[in-house]
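Please keep the structure in view while reading.

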Amino acid sequence: MLGGMQERDKKALRKRSVILSKEMVVDELLVQSLTADEILTDSMAESILVEKTSQKRSYRLLSLLPKRGPRAFSSFCSALKDTEQHHLSALLTEYSESDSREADTKRLLDSPFPLSTQEGVFAAKRARTHESVEMCLDADSPIITPVLPCTPDFYLSHYQQSYPMVSSRRGLALVISNTVFEATAPDLETRKGGEVDEEVLRKVFTELEYQVTVQRDLTARDMKMCIEAFGRQQGHGTMDSSVLCLLSHGVEGAVYGTDGELLPLDWVFEAFDNSHCPLLQNKPKMFFIQACRGEEMDCGVEQLDGPGRTSSPGCEQRDAGREGEGDGDGRRREERGRLRVKLPQRSDMICGYASLKGTAAMRNTKRGSWFIQELNTALRLRSRDTHLSDIMVQVNGRIKEREGYAPGTPHHRCKEMSEFTSSLCKDLYLFPKYHPHY
């Protein structure tokens, strides 16, 4: 006979049953852990897992545990930890310990003997509080590993097919970070953690040998003036690339100034096109946008096993035959040979977005945004031998793996997916810390 668990542990389960039913994920791993510890029998495990919803599985498990012996409570808490549900384990153990201390205190007060002078008898354990909803399971403090240097051999074997990147300063970089918004924009909350992003970007691009300027908390009008002034800087003429980072609240196609007015991103790109910014013609222009592009929360979907989906050829066929149109017109080719070379209005740009169209971007209030964290890590570790388009693919892969952690909120287990667009015409290697000798 296993008997029952201690009364204080039963009480903890009863008091926390509503939270457990709502937030606990009862999956095979949790049940197997309890079965391996001989808390549940195989038939009990089967009766739990056969339930169709997590809430029903939770209810079934919680009804069984109080009858499974004095070890059931500690084993259950360990199983929660093993399945990354530390917050639930902490809620249970803190309540159980608090209840035990209250009982001890009552016994002391009822005792005829003098009370102990230890302050710990009456010190209430501080309740554990959760961070804001913008949290993630796998985040640590921003990586501070130095940017790894490019080797001479790598440069010599790759520079011919890439954009020139030899200026002592690789380029000018501008970071605009809006974290505190004016009273005229009451719906725009302070972007806690935004200051971490701006510092991360300042450090990494400084190490990549960019001349970095950071501007904070600008209205939409001031953002526009700042960007125009940046585009006119004569330093662009002697440097090989440029970087612009915008960190703010946003919607699809625009970011907010601190006054609640929107700055269209299309205007930003136009400010650096071949017509408006001739000093950067044929040079790579990098943009990184950390802002929501809508309010929709990506709740994710369950991954199914099986062969990968094959892509439809329909999109490729849609433009079939267009490349050859007019190829036989010899006069046009002759005219092109005589005319001065022209550039398209917009080219040589790459832009990384923290989220997809219509969706929200995730930010940790202490460690900064997911997108900037992963971009920082990838630039530091991969720039030495990876061109920027591939770096952005790696950032996408890392973002895809991340998952929100905010129990009891709609953000719990939420997902994010970054993306980038590119009109680059060559490989963009940053060749960090390498300067060829001519």
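Does E38 count as buried or exposed? The model is a predicted one, in which local features need pLDDT of at least 70 and side-chain atom pairs count only at pLDDT 80 or more, while totals for chains, interfaces and linings use all residues. Residues are numbered from 1 along each chain as its sequence is written, and side-chain values use heavy atoms, with hydrogens and water left out. E38 counts as exposed, because its relative accessibility is 61%; the term exposed stands for over 50% relative accessible area, buried for under 20%, and partly exposed for values in between, with a 1.4 Å probe and protein chains only.

E38 lies in the loop between α3 and α4. Helices (H or I, at least four residues) and strands (E, at least two) are DSSP runs, numbered from the N terminus. The phi of E38 is positive, near 60°, in a residue other than glycine. Most residues other than glycine have a negative phi. A further case is D348, whose phi is also near 60°. D348 sits in the loop between α13 (330-338) and β8 (349-353), and it counts as buried because its relative accessibility is 4%.

The axes of α3 (residues 28-36) and α4 (residues 42-49) cross at roughly 165° and come within 10 Å; axes are lines fitted to C-alpha atoms, for helices over the stretch in contact, and angles run from 0 to 180 degrees between N-to-C directions. The pair is therefore roughly antiparallel, on a scale where angles under 35 degrees count as roughly parallel, over 145 as roughly antiparallel, 65 to 115 as roughly perpendicular and the rest as oblique. The crossing is right-handed, a term for a near helix turned clockwise from the far one by less than a right angle, with anticlockwise giving left-handed. E28, V31 and T35 of α3 meet D42, A45, I48 and L49 of α4, where contact means heavy atoms within 4.5 Å. By class, this contact has four nonpolar, one polar and two charged residues; Ala, Val, Leu, Ile, Met, Phe, Trp, Tyr, Cys and Pro count as nonpolar, Asp, Glu, Lys and Arg as charged, and the others, Gly among them, as polar.

On α14 the contact residues include W370, F371 and L375, and on α15 they include L388, I391 and V395. The contact has 10 nonpolar, one polar and three charged residues. H387 is placed in the loop between α14 (370-382) and α15 (388-401). H387 counts as buried because its relative accessibility is 15%, and it touches D427, L428 and Y429, residues up to four places away in sequence not being counted.

Among the buried residues of α9 are V196, V200, L201 and V204. After α9 comes E209, with a positive phi near 75°.

Overall, the protein has 15 helices and 11 strands, and 44% of its 438 residues are buried. Of the contacts with a separation of 6 or more, 79% join residues 24 or more positions apart.
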